[in-house]
Each structure stands twice: as structure tokens, then as C-alpha cells.
Amino acid sequence: MSLTFKGDFLIALRKAPSKRTQQEIETLQKTFKTLSSLKSCAHSELLKYATKARYEYYPANSILYKKGDDYTSWFILISGAVFSSGSIFYPPACFGQEPKAPGGASKRPLQCYTVEPSELIVIDTERARKKSSTTSVTPTLSPSRPHVRVRSSIASNDSPSHSGM
């Protein structure tokens, strides 16, 4: 795990966003500012991320999103590794953001999945908040981390393929 993601930061992140104190939001915001991919973000944008970010754990070979899915969230990797766009990402990588082209892309062009057990910061987009959240995977609790959502692994017949991604 990166040194950036320890102690008070993880405690605050694992809390439901609506239950965070002002101090916990500030802790998240300050840590986000230390990430190279978020250094150029305005104070107000980091504050928005700190108030809506959530923690999720995924076992190895879990699909984070599929080709054709809407851009409803983006991710910051805390631990583990993910495969997307022909590359493997390691902490503290940010990935899954919607392209900033005019109008943006409406659908994800590729699948993304965990290569090993991974802890993620998930930040929902405006589109996700406008649309009711429906998923085919029912989150469960991690046996080693109470109150942490876990997504189920890829079924054997839906195994990720490096070709065609």
C-alpha cells in the first residue's frame, strides 16, 4: 500500500460519505491534493471528491466495468493492480475517467478488471448521481474488513481476455 493511503485517511474513506465529519473531509481533501494526478485540481473540486468518494474492495479478476458501460464513476487505486486500456495500473493510479472531449464519450470503450485483490477509491460522476444506481452484482461484506463492500469475481465463462480489449 502506498504511504499516502494510511491511518486517518483510510478511516475517513471507509466511512459512508454522509457520515464523515468536517475534519475527515479535510483529511481526504489534503491527501487527494498530494496525488500527482490531482495536484492541478481546484480546492473546490478536491472538496467535492472528498465529500463523495467511497472505499471498495475487489477480489482478483473482478470486472470494474465492461465495454459499453456508461461512465458513472472513476477510480484511484489504493492497493493491488488493475488491467485497462492495454496496461496494468498500480497505486496510486487514477483511471476510468470520461474523456474530456466536447460532449465526451457516452460509453466505455474497453473492459477493466482487477489483476489481484484491490482496494479502490470510487468517485461517482454527475451522470451516476442523476441516474438511479443499478448493478447486476450485489455487494457483500469483506470477511477481513467489516462494513466494506466487495464485488464478486468474474465467472469462469466470463474470464477476462487480453485480446480484443
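Predicted model: local features only at pLDDT ≥ 70, side-chain atom pairs only at ≥ 80, totals over all residues.

Trainee: Which residues of H2 are buried, then?

Mentor: They are Glu24, Ile25, Leu28, Gln29, Thr31 and Phe32. These residues lie on the same side of H2, because they cover an arc of only 165° around the axis.

Trainee: Why do residues three or four places apart in a helix point the same way?

Mentor: An α-helix has 3.6 residues a turn, so residues at that spacing point the same way.

Trainee: What span should H2 have, and how far apart are its end C-alpha atoms?

Mentor: H2 comprises 13 residues, 22-34, and at 1.5 Å a residue they should span 18 Å. The end C-alpha atoms are 19 Å apart, which agrees.

Trainee: Now for the strands. Is E3 mostly covered or mostly open?

Mentor: E3 is mostly covered, with twelve of its twelve residues buried.

Trainee: Which strand pairs with E3 over ten bridges?

Mentor: That strand is E6, and the pairing is antiparallel. Within it, Ile76 stands opposite Ile121 of E6.

Trainee: What does Ile76 stand opposite in E5?

Mentor: In E5, Ile76 stands opposite Cys94. E5 covers residues 94-95 and pairs with E3 in the antiparallel sense over two bridges.

Trainee: And how many bridges join E3 and E4?

Mentor: Three bridges join them, again in the antiparallel sense, with E4 made up of residues 87-89. Phe83 stands opposite Ile88 of E4. The two strands, E3 and E4, form a hairpin with two residues between them. Ser85, in the turn, has a positive phi of about 55°.

Trainee: Stepping back, how many helices and strands does the chain have?

Mentor: It has four helices and eight strands. Read from the N terminus, the order is α-α-α-β-β-β-β-β-β-α-β-β.

Trainee: How much of the chain counts as buried?

Mentor: Of its 165 residues, 41% count as buried. The chain exposes about 9200 Å², of which carbon and sulfur atoms supply 53%.

Trainee: And what share of the contacts joins residues at least 24 apart?

Mentor: The share is 71%, taken among contacts between residues at least 6 apart in sequence.

Terms used
Residues numbered from 1 in each chain as written. Heavy atoms only, no water. Expected span 1.5 Å × (residues − 1). Buried < 20%, exposed > 50% of the residue type's maximum accessible area, 1.4 Å probe, protein only. Arc of directions from axis to C-beta. Contact = heavy atoms within 4.5 Å. Areas by Shrake-Rupley, 256 points an atom, 1.4 Å probe, with all protein chains shown as cover. Pairing = 2+ DSSP bridges.
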